[in-house]
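Hello,

Here is the structure I promised to pass on. Please open it first, then read my notes below.

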Amino acid sequence: MQLIYFIGFVVYFIGCQYLVEKEKIPKEIMDSSALKLILGGIFVIVLSMVMGVLLSIAVPLVVAMTMLVASIIAGKYRKVFNEMERGGKI
């Protein structure tokens with residue numbers, strides 16, 4: 001059973017990275033400030049914790065939401081650092 005979770009999370013992680021790299025995430029999310037993005041991510045993770053406990057699927061749901069939020073935050077910073085390397089905004 002744990003191997004199925006691992007394979008599922010690997011596929012899910014690749015899907016999250018695809019969404020971020022191909023800019024399928026809404027512009028409002030990617031253009032928000034770092035503080036709003038991180039606070040929103042914390043809110044989503046806490047909300048998934050509550051929903052996971054109520055639905056008895058806490059661990060997979062929290063892990064999935066954490067992977068999605070982490071992919072979005074990493075994608076935003078990667079985009080900003082790429083602009084900085086090209087001499088863009090600081």
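What share of the 90 residues of the protein count as buried? The answer is 20%. Please keep in mind that this is a predicted model.

**Overall picture**

The protein has four helices and zero strands. Read from the N terminus, its elements run α-α-α-α. The C-alpha trace spans about 50 × 25 × 15 Å along its principal axes. The protein exposes about 6,700 Å². Carbon and sulfur atoms supply 74% of that area.

Now look at the contacts between residues at least 6 apart in sequence. Of these, 72% join residues at least 24 apart.

The charges come next. The protein has 9 positive and 6 negative charges.

**The salt bridge**

Side chains of opposite charge can pair when their charged atoms come close. How many salt bridges does the structure hold? It holds one. The partners are Glu 21 and Arg 78, and their closest N and O atoms are 2.5 Å apart. Glu 21 lies in helix α1 (residues 2-21) and Arg 78 in helix α4 (residues 58-85), so the pair ties together parts that are 57 residues apart in sequence.

Are these two partners buried or exposed? Both fall between the two cut-offs, which are under 20% for buried and over 50% for exposed. Glu 21 has 46% relative accessibility, so Glu 21 counts as partly exposed. Arg 78 has a relative accessible area of 34%, so Arg 78 is partly exposed too.

**Ser 32, between two helices**

Find the loop between α2 (27-30) and α3 (34-55). Ser 32 sits there. Is Ser 32 buried or exposed? Ser 32 counts as buried, because its relative accessibility is 17% and the cut-off for buried is under 20%.

What lies around Ser 32? A polar atom of its side chain is 2.8 Å from the backbone oxygen of Ile 29. Set aside the neighbours within four places in sequence, and Ser 32 is in contact with Leu 37 and Lys 76.

**Val 69, in helix α4**

Val 69 lies in helix α4. Its relative accessible area is 13%, so Val 69 is buried. Which residues does Val 69 touch, leaving aside neighbours within four places in sequence? They are Gly 41, Val 44 and Ile 45.

Val 69 and Gln 17 are 52 residues apart in sequence. From C-alpha to C-alpha, Val 69 and Gln 17 are 11 Å apart in space.

**Two positive phi angles**

Which loop holds Glu 23? Glu 23 is in the loop between α1 and α2. Glu 23 is not a glycine, yet its phi is positive, at about 55 degrees. With a relative accessible area of 55%, Glu 23 is exposed.

Ser 56 also deserves a look. Ser 56 is found in the loop between α3 and α4. Its phi is near 60 degrees, a positive value in a residue other than glycine. At 67% relative accessibility, Ser 56 counts as exposed.

Start with Gln 2, which is in helix α1. Gln 2 has a relative accessible area of 69%, so Gln 2 is exposed.

Then take Asn 82, which is found in helix α4. Asn 82 is partly exposed, with a relative accessible area of 33%. Asn 82 and Cys 16 are 66 residues apart along the chain. Their C-alpha atoms are separated by 20 Å.

**Where to start**

Begin with the salt bridge between Glu 21 and Arg 78. Then go to buried Ser 32 and buried Val 69. Finish with the loop residues Glu 23 and Ser 56.

Best wishes

How values were computed
Residues are numbered from 1 along each chain as its sequence is written. This is a predicted model: local features need pLDDT of at least 70, side-chain atom pairs count only at pLDDT 80 or more; totals for chains, interfaces and linings use all residues. Side-chain values use heavy atoms; hydrogens and water are left out. Buried means under 20% relative accessible area, exposed over 50%, partly exposed in between (1.4 Å probe, protein chains only). A polar contact is a pair of N or O atoms within 3.5 Å; within protein, one must be able to donate a hydrogen and the other to accept it, and residues adjacent in sequence count only if both atoms are side-chain atoms. Contact means heavy atoms within 4.5 Å. Accessible areas come from the Shrake-Rupley method with a 1.4 Å probe; for residues, only the protein chains shown count as cover. Lys and Arg count as positive and Asp and Glu as negative; His and the chain ends are not counted. The place of a charge is taken as NZ of Lys, CZ of Arg, CG of Asp or CD of Glu. A salt bridge is a side-chain nitrogen of Lys or Arg within 4 Å of a carboxyl oxygen of Asp or Glu.
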